[in-house]
Amino acid sequence: MTHRKGILILLGLGLITFGTAGVAVSDDGDRNGKRGGWLTARADVAPVANATYGEECGSCHLAYQPGLLPAPAWAQVMDPAALGDHYGDEATLAETLRTGILAYLTAHAADQASEVRSRAFAVGFDAHAGTGLPRITETRYFKRKHDRVPTSLVAGNPDVGSFSQCPACHRGAAKGIYNDSQIDIPGHGPWKD
Ligand code: HEC
Ligand code: HEC
């Protein structure tokens, strides 16, 4: 290893350490206000990195990042019978596709993730609660984060329709960026606390 390379690697490690600490203290972004600068561009939830998943599960809605639900929830969503009656729609898959996608979702699920925000989506999840399929929009963390958003901007908003349409309001949703500075609600604009 050259001397120069060694310094670059040390610098890189320093940045990674700094980045991790930055996320840890900002927790969910409320305590120390808006995250700015290069931290803003960091994904809150790891972006989708599986082409098959993106194609098969991203045609009707955003291919939700695996880190938005814990593994037991994905197992329920990906059950063969559940895919046949998928929130009122039909999303049946060939068995090899189904098992491949389930493996991807499980490996990167909220309870497996390193991102603080991702892990928050796993808190309090109970696989035996409720009768229908689990929803990201019904997790404790999601509900807490959206309880100040009035229905008139969601169900009553023809350009949104439901909370399941993350990209309607979160401009960076496809990249896993959900922080307040990248919100733009149709007919309303940016979100100001
Ligand atoms: C044929 C269209 C279609 C396909 C394909 C599809 N979905 Fe869906 N999905 C829906 C509909 C419709 C909803 C309900 C949206 C709503 O309530 O507004 C939904 C909801 C969801 C939700 C719950 C979102 C929430 O409200 O929190 C998850 C999770 C989900 N889908 C995952 C998947 C996965 C994983 C796949 C691939 C196996 C997939 N979907 C493929 C139509 C589809
Ligand atoms: C109607 C617009 C709208 C939709 C649709 C929506 N959100 Fe949000 N979201 C918001 C607003 C507004 C906030 C900030 C609320 C506040 O600070 O009180 C927010 C906050 C968040 C936060 C917390 C960000 C932070 O930095 O604290 C996350 C994570 C998040 N949303 C994820 C999602 C996901 C995932 C979806 C789709 C399943 C979604 N949202 C759908 C409007 C929306």
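Colleague: Which protein donors does the iron atom of ligand 1 have?
Modeller: His 61 (NE2) and His 86 (NE2), lying 2.0 Å from the iron atom. Donors here are N, O and S atoms within 2.8 Å of the metal (3.2 Å for Na, K and Ca), and water is not among the atoms, so sites may look incomplete. This is a predicted model: local features need pLDDT of at least 70, side-chain atom pairs count only at pLDDT 80 or more, and totals for chains, interfaces and linings use all residues. Residues are numbered from 1 along each chain as its sequence is written, chains are lettered from A and ligands numbered from 1 in the order written, and side-chain values use heavy atoms, without hydrogens and water.

Colleague: Where do His 61 and His 86 lie?
Modeller: His 61 is in the loop between helix H3 (51-57) and helix H4 (71-77), and His 86 is in the loop between helix H5 (80-84) and helix H6 (95-107), so the pair ties together parts 25 residues apart in sequence. Helices are DSSP runs (H or I, at least four residues), strands likewise (E, at least two), numbered from the N terminus.

Colleague: Is His 86 buried or exposed?
Modeller: His 86 is buried, at 15% relative accessibility. His 61 is partly exposed, at 24%. Buried means under 20% relative accessible area, exposed over 50%, partly exposed in between (1.4 Å probe, protein chains only).

Colleague: New topic. How many helices and strands does the protein chain have?
Modeller: Nine helices and zero strands.

Colleague: And what share of the residues is buried?
Modeller: Buried residues make up 37% of the 193 in the protein chain.
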